[in-house]
Amino acid sequence: MIYLDYAATTPVDSRVAATILALLTADGDFANPSSNHQAGLRSRAHVAHAAERLGALINAHPDRLIWTSGATESDNLAIIGAARARAHRGRHLITMPTEHKAVTDTFAALEQQGFEVSWLAPDSRGLLEIAQLEAAIREDTQLVSIMHVNNETGIVQDIAQIGAVCRQHDVLYHVDAAQSLGKLPLDVGNLPIDLMSMTAHKVYGPKGVGALFIADRPGCHIEPLTYGGGQQKRLRPGTLAAPLIAGFGHAAEIASSCQADDLKHLAELRDQLWGGIRDVPGVTLNGDIDGFPGILNVSVDGVEGESLLLALEPLCVATGSACNSKSQEPSGVLRAMGLSDMQAQSAIRFSLGRPTRGEDVAAAVELYCNAISRLRGIAPEPPA
Ligand SMILES: *Cc1c(COP(=O)(O)O)cnc(C)c1O
């Protein structure tokens with residue numbers, strides 16, 4: 001098996017796993033972090049330490065972080081929470097069809113609830129044209145949500161520029177940073193971002209924990225979506241998942257220290273991968289070679305996607321989007337970029353990670369090239 005699906009999820013770093021384990025059992029700090037006894041204080045200290053670590057990674061004050069169950073919940077809380085908190089000022093919202101489902105489905109739900117959403121079309125690489133955003137903002141616009149790194153193609157939106165336009169018009173800016181956290185520089189202390197969604201499991205932390213950054217600015221308020229105990233300023237009540245949160249904090253700290261090396265490693269592997277397949281006739285890159293190097297999305301003419309995935313068998317890669325792969329629908333992201341159904345259906349997303357080695361990429365290149373030759377019926381010999 002060759003795993004090249006790190007954009008779907010990453011394995012937990014073994015150091016992170018040890019941190020989590022230490023907070024689970026009777027001989028560890030398992031107490032409820034809301035409890036006021038000594039054991040509770042110890043759990044609370046682990047959560048506070050995690051907030052320091054995650055805050056350090058993105059240059060945010062630890063108090064500005066709300067723990068959630070992952071980026072899906074953070075997206076929902078940010079978008080619905082902000083839309084409701086500002087509904088008295090206006091009900092117009094802006095996003096793109098190339099966002100993750102956690103964002104597009106949330107906006108679709110808000111449309112059902114009487115909000116009006118402008119869906120900005122991307123250019124052929126999947127990028128927002130800033131003039132389009134400026135043209136779409138109205139008097140009653142309250143929120144713009146445009147992601148950092150796209151999960152299917154790896155293209156990187158210019159969040160500094162988008163945020164600056166939002167600030168000019170007093171519109172809140174939400175960024176889904178699930179794919180970029182710990183991988184690209186992200187400095188919310190200096191970027192004009194109001195709300196930012198994060199998740200641990202894309203950055204060698206555990207599944208089931210995420211965070212939402214909320215800027216300390218006038219007008220930047222959200223309403224809670226759930227009610228219960230008074231935890232987390234009542235914005236996201238419930239007993240904190242201290243073991244997972246501590247794991248997230250540790251993963252964030254590791255990412256802080258090896259981000260530059262990771263990026264260099266990924267760029268080398270991406271160049272090797274693209275160098276190995278770019279000359280296959282009919283292969284095209286979806287997105288931009290200058291995007292985030294951990295993701296490479298390619299289509300190929302005249303080959304049917306499902307058969308391609310089968311032919312790639314020992315290779316764990318995604319067709320279009322992992323979240324869409326159960327349905328036969330071509331990826332909405334690739335369709336929005338102007339690909340035909342056929343092109344979108346033949347798309348393969350390779351995503352590389354910290355454990356990926358050159359041999360893995362070499363094997364992937366060979367498998368991909370052989371599979372295409374075979375499916376086109378021009379292979380000299382049948383598969384072994
Ligand atoms: C993975 C991902 C999500 C969902 O994150 P979960 O933590 O799995 O809920 C949201 N947005 C983007 C861009 C992602 O890549």
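The legends below describe close-up views of a predicted model. Local features need pLDDT of at least 70 and side-chain atom pairs count only at pLDDT 80 or more, whereas totals for chains, interfaces and linings use all residues. Residues are numbered from 1 along each chain as its sequence is written, and side-chain values use heavy atoms, with hydrogens and water left out.

**View 1. The shell of residues around the ligand.** The ligand is surrounded by 13 residues, a residue being near a molecule if one of its heavy atoms lies within 4 Å of it; the closest are T72, D176, Q179, T199 and K202. By class, the shell holds three nonpolar, seven polar and three charged residues, where Ala, Val, Leu, Ile, Met, Phe, Trp, Tyr, Cys and Pro count as nonpolar, Asp, Glu, Lys and Arg as charged, and the others, Gly among them, as polar. Helix 3 (residues 71-85) gives the most to this shell, with three residues; helices (H or I, at least four residues) and strands (E, at least two) are DSSP runs numbered from the N terminus.

View 2. An N or O atom in the side chain of Q179 lies 2.7 Å from an oxygen atom of the ligand, and an N or O atom in the side chain of H201 lies 2.8 Å from an oxygen atom of the ligand. From the backbone, an N or O atom of A71 is 2.9 Å from an oxygen atom of the ligand. On its own the ligand has 390 Å² of accessible area (Shrake-Rupley method, 1.4 Å probe), and the protein covers 87% of that area.

View 3. The strands follow the order 2-8-7-6-5-3-4 with mixed pairing, two strands being paired if DSSP finds at least two bridges between them. Strand 2 (65-68) and strand 4 (116-119) stand at the edges with a single partner strand each, so one side of each is left without a neighbour in the sheet. Strand 3 (residues 92-95) and strand 5 (residues 141-145) pair in the parallel sense over three bridges, and L143 in strand 5 is the bridge partner of L93.

View 4. Strand 12 is joined to strand 13 (residues 348-351) by two bridges, and T319 has I348 in strand 13 as its bridge partner.

Conventions: Polar contact = N/O pair within 3.5 Å; in protein donor to acceptor, adjacent residues only side chain to side chain.
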